[in-house]
Amino acid sequence: MNSEEFLERQKFDQKNIRRRVYDALNVLLAMNIICKRKKDIDWVGLPATKAGEIKRYEEERTKLRERIRRKKETIQELIVQLVAYKKLFRENGRPPENSILYLPFVIINTSKSTTVDCAVSGDRSEFLFHFDQPFEVHDDFEALKRLGYSYGLEHNTLNPEMMDHIDEFIPAALRGYLPKILGGEMSDWESRARSNLPPMQYIIRDPAVEERQ
């Protein structure tokens, strides 16, 4: 093979290789594995397999179901709060100023034998409690539930007494949720209450003081 034949063969091989490269690039472009911008070629990634897509959709569905569950729990809790506060207002009206317990508040419950140390910040915006035994912290809503102001809705039941006040306590837009609450479809948020023991110290901050700062 002389030099001219060798050069011709080399040119043919180069054209053949170039065509094969173009064919391969076109296939990768069609499969969206790469993308081309002018003379630049960027790697996009291998296409997801069927099993991978199914797994991704299942994970997304699980996340969406969890979001829906949390939103249902929130709706039920807000409805129960609304009922409790409206009953509180109906039964108490406007009491004397010296007997008012303003909302919100917290109740700290512990054993009579517990030693409690309390420290107060200089501006009285922060209170630090230290307990040598386990204790419980309840907010105003929990206190109202225990006093029966929620008519048992937090247990997915309904006190018969509430039937006379259903129109007064629950707006028309929310009454459609009542059968779902009673059927246990809305949430099991009370059964999900944390069972872990609380830490041995608790800090209370006064939001009114913080707002003035």
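In which sense do strand S4 and strand S5 pair, and over how many bridges? Strand S4 (residues 116–120) and strand S5 (residues 126–131) run antiparallel to each other, and five bridges join them. Here, two strands count as paired if DSSP finds at least two bridges between them.

A word on the ground rules. This is a predicted model, in which local features need pLDDT of at least 70 and side-chain atom pairs count only at pLDDT 80 or more, while totals for chains, interfaces and linings use all residues. Residues are numbered from 1 along each chain as its sequence is written, and side-chain values use heavy atoms, with hydrogens and water left out.

**The chain as a whole**

The chain holds six helices and seven strands, in the order α-β-β-α-β-β-β-β-α-α-α-β-α along the sequence. Helices (H or I, at least four residues) and strands (E, at least two) are DSSP runs, numbered from the N terminus. Of its 213 residues, 19% are buried; buried means under 20% relative accessible area, exposed over 50%, and partly exposed in between (1.4 Å probe, protein chains only). The exposed surface comes to about 16,300 Å², with 54% of it supplied by carbon and sulfur atoms. Those areas come from the Shrake-Rupley method with a 1.4 Å probe, and for residues only the protein chains shown count as cover. Among contacts (heavy atoms within 4.5 Å) between residues at least 6 apart in sequence, 67% join residues at least 24 apart.

**A closer look at the hairpin**

Back to S4 and S5. Ala119 has Leu128 in S5 as its bridge partner. Five residues lie between the strands of this hairpin, where Arg124 takes a positive phi near 60°. Val116 belongs to S4 and, leaving aside neighbours within four places in sequence, is in contact with Phe129, His130 and Phe131. The C-alpha atoms of Val116 and Phe129 are 6.6 Å apart in space, although the two residues are 13 apart in sequence. Val116 counts as partly exposed because its relative accessible area is 38%.

**Salt bridges**

Side chains of opposite charge can pair when their charged atoms come close. With a salt bridge taken as a side-chain nitrogen of Lys or Arg within 4 Å of a carboxyl oxygen of Asp or Glu, the count is six.

| Arg37 | Asp42 | 2.3 Å |

Arg69 and Glu66 sit three residues apart, about one turn, in helix H2 (residues 50–92). Glu66 is partly exposed, with 30% relative accessible area.

Helix H3 (residues 140–146) holds Lys145 and Glu142, again three residues apart and about one turn of the helix. Lys145 counts as buried because its relative accessibility is 10%. Elsewhere, salt bridges that share partners link Glu66, Arg69, Arg70 and Glu73 into one network.

Another residue of H3 is Arg146. Is Arg146 buried or exposed? Its relative accessible area is 58%, so Arg146 is exposed. Not counting residues up to four places away in sequence, Arg146 touches Glu136 and His138.
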